[in-house]
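Trainee: I am new to this structure and would like to get to know it. Could we go through it together, step by step?

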Amino acid sequence: MFKYIRDELLKIEPRVNVLVDVLVEELYGRRNSVNKETLWGCFGDEILKNIRVNLGKTQQCLDCGERIQKESRNKKFCNDCSVKREKQRQREKWHKNKHKYR
Ligand SMILES: [Zn+2]
(Lines give C-alpha, C1' and ligand atoms only; values in the text may rest on other atoms or scores of the structure.)
Protein backbone atom coordinates (compact mmCIF):
# COMPACT_ATOMS: atom_id res chain seq x y z
CA MET A 1 0.00 0.00 0.00
CA PHE A 2 2.68 2.50 1.00
CA LYS A 3 4.77 1.33 -1.89
CA TYR A 4 1.91 2.05 -4.26
CA ILE A 5 1.35 5.60 -2.97
CA ARG A 6 5.08 6.21 -3.08
CA ASP A 7 5.28 5.06 -6.70
CA GLU A 8 2.31 7.21 -7.64
CA LEU A 9 3.81 10.29 -6.00
CA LEU A 10 7.16 9.64 -7.65
CA LYS A 11 5.38 9.56 -11.01
CA ILE A 12 4.13 13.08 -10.32
CA GLU A 13 7.51 14.33 -9.09
CA PRO A 14 10.48 12.03 -9.66
CA ARG A 15 12.91 14.17 -7.70
CA VAL A 16 12.55 12.77 -4.18
CA ASN A 17 14.08 15.86 -2.59
CA VAL A 18 11.53 18.17 -4.16
CA LEU A 19 8.73 15.78 -3.38
CA VAL A 20 9.73 15.55 0.27
CA ASP A 21 9.89 19.33 0.52
CA VAL A 22 6.38 19.63 -0.80
CA LEU A 23 5.11 16.82 1.40
CA VAL A 24 6.64 18.24 4.55
CA GLU A 25 4.98 21.54 3.76
CA GLU A 26 1.68 19.72 3.29
CA LEU A 27 2.22 17.89 6.55
CA TYR A 28 3.09 20.77 8.78
CA GLY A 29 1.92 23.80 6.83
CA ARG A 30 -1.73 22.88 6.47
CA ARG A 31 -4.29 21.19 8.61
CA ASN A 32 -6.24 18.09 7.66
CA SER A 33 -4.66 17.82 4.25
CA VAL A 34 -2.52 14.72 4.08
CA ASN A 35 -2.65 11.66 6.25
CA LYS A 36 0.57 11.96 8.23
CA GLU A 37 0.94 8.26 8.90
CA THR A 38 0.68 7.46 5.22
CA LEU A 39 3.28 10.06 4.46
CA TRP A 40 5.71 8.75 7.08
CA GLY A 41 5.06 5.25 5.80
CA CYS A 42 5.99 6.24 2.27
CA PHE A 43 8.70 8.77 2.83
CA GLY A 44 9.82 8.51 6.43
CA ASP A 45 13.46 8.01 5.51
CA GLU A 46 13.53 10.87 3.05
CA ILE A 47 11.70 13.20 5.43
CA LEU A 48 14.18 12.42 8.20
CA LYS A 49 17.11 12.97 5.87
CA ASN A 50 15.58 16.24 4.73
CA ILE A 51 15.08 17.45 8.27
CA ARG A 52 18.63 16.50 9.17
CA VAL A 53 19.99 18.50 6.23
CA ASN A 54 17.92 21.51 7.23
CA LEU A 55 19.09 21.30 10.82
CA GLY A 56 22.67 21.08 9.57
CA LYS A 57 22.25 24.53 8.07
CA THR A 58 21.23 26.01 11.39
CA GLN A 59 22.67 26.32 14.84
CA GLN A 60 21.24 27.14 18.23
CA CYS A 61 21.41 30.55 19.84
CA LEU A 62 23.73 30.21 22.85
CA ASP A 63 21.37 32.27 24.99
CA CYS A 64 17.84 31.09 24.31
CA GLY A 65 18.41 28.00 22.16
CA GLU A 66 16.39 29.27 19.23
CA ARG A 67 17.40 27.88 15.83
CA ILE A 68 19.21 30.43 13.70
CA GLN A 69 20.60 30.27 10.18
CA LYS A 70 24.32 29.70 10.02
CA GLU A 71 25.35 32.92 8.34
CA SER A 72 28.85 33.29 9.63
CA ARG A 73 31.15 31.63 12.10
CA ASN A 74 30.82 34.55 14.47
CA LYS A 75 27.08 34.37 14.69
CA LYS A 76 26.28 32.67 17.97
CA PHE A 77 23.06 34.42 19.02
CA CYS A 78 19.67 35.06 17.47
CA ASN A 79 18.80 38.64 16.57
CA ASP A 80 16.88 39.31 19.79
CA CYS A 81 19.72 38.05 21.95
CA SER A 82 22.41 39.91 20.03
CA VAL A 83 20.49 43.17 20.52
CA LYS A 84 20.11 42.41 24.23
CA ARG A 85 23.79 41.55 24.56
CA GLU A 86 24.84 44.69 22.71
CA LYS A 87 22.72 46.85 25.07
CA GLN A 88 24.21 45.03 28.04
CA ARG A 89 27.70 45.59 26.68
CA GLN A 90 27.03 49.32 26.20
CA ARG A 91 25.68 49.58 29.75
CA GLU A 92 28.75 47.85 31.18
CA LYS A 93 31.03 50.08 29.16
CA TRP A 94 29.21 53.12 30.48
CA HIS A 95 29.50 51.88 34.07
CA LYS A 96 33.19 51.24 33.64
CA ASN A 97 33.80 54.70 32.23
CA LYS A 98 31.28 56.79 34.10
CA HIS A 99 33.90 58.34 36.38
CA LYS A 100 35.39 59.91 33.26
CA TYR A 101 32.19 61.77 32.57
CA ARG A 102 32.03 63.44 35.94
ZN1 LIG B 1 18.53 33.88 21.38
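Mentor: Gladly, and let's begin with a definition: a residue is buried if 20 or more other C-beta atoms lie within 10 Å of its own, exposed if 12 or fewer, and partly exposed in between, with C-beta atoms placed from the backbone. This is a predicted model, where local features need pLDDT of at least 70, side-chain atom pairs count only at pLDDT 80 or more, and totals for chains, interfaces and linings use all residues. Residues are numbered from 1 along each chain as its sequence is written.

Trainee: Is Gly44 buried or exposed?

Mentor: Gly44 sits in helix α3. Helices (H or I, at least four residues) and strands (E, at least two) are DSSP runs, numbered from the N terminus. Gly44 has 12 C-beta neighbours inside 10 Å, so it counts as exposed.

Trainee: What pattern does the protein chain follow along the sequence?

Mentor: The protein chain holds four helices and two strands. Read along the sequence, their pattern is α-α-α-β-β-α.

Trainee: Why is the protein chain described as more spread out than a compact globule?

Mentor: Along the principal axes, its C-alpha atoms fill a box of roughly 80 × 30 × 15 Å. The globule rule is 2.2 Å times the number of residues to the power 0.38, and the radius of gyration is taken over C-alpha atoms. For 102 residues that rule gives 13 Å, so the protein chain is more spread out than a compact globule, with a radius of gyration of 23 Å.

Trainee: What percentage of the residues of the protein chain count as buried, and which residues make up the largest nonpolar core?

Mentor: Of the 102 residues, 6% count as buried. A nonpolar core is a set of buried Ala, Val, Leu, Ile, Met, Phe, Trp, Tyr and Cys residues joined through C-beta atoms within 7 Å. The largest one has five residues: Val20, Leu23, Leu39, Cys42 and Phe43.

Trainee: Which helix supplies the largest share of this core?

Mentor: Both α2 (16-29) and α3 (36-56) supply at least two residues of the core. Leu39, Cys42 and Phe43 are buried in α3. The largest share, three residues, comes from α3.

Trainee: Which residues does Val20 touch, leaving out those up to four places away in sequence?

Mentor: Val20 belongs to helix α2. Val20 is buried because 23 other C-beta atoms lie within 10 Å. Two residues are in contact if their C-beta atoms, placed from the backbone, lie within 7 Å. Not counting residues up to four places away, Val20 touches Phe43, Glu46, Ile47 and Asn50.

Trainee: Which residues are in contact with Phe43, leaving aside its neighbours within four places?

Mentor: What covers the buried residues of α3 includes α1 (2-12) and α2. For Phe43, leaving aside neighbours within four places in sequence, the contacts are Arg6, Val20 and Leu23.

Trainee: How many residues of α4 are buried?

Mentor: Helix α4 has 19 residues and reaches 27 Å from its first C-alpha to its last, close to the 27 Å expected. It lies largely in the open, because the number of its residues that are buried is zero.

Trainee: Is Ile68 buried or partly exposed, and what does it contact?

Mentor: Ile68 is in strand β2 (residues 67-69). Ile68 has 19 C-beta neighbours inside 10 Å, so it counts as partly exposed. Leaving aside neighbours within four places in sequence, Ile68 is in contact with Thr58, Gln59, Cys61, Lys75 and Cys78.

Trainee: Which element has the highest mean pLDDT?

Mentor: The pLDDT is the predictor's confidence in each residue, from 0 to 100. For the protein chain the mean is 82, and 92% of its residues reach 70 or more. Among its elements, α2 has the lowest mean, 78, and the highest, 93, belongs to helix α4.

Key. Expected span 1.5 Å × (residues − 1).
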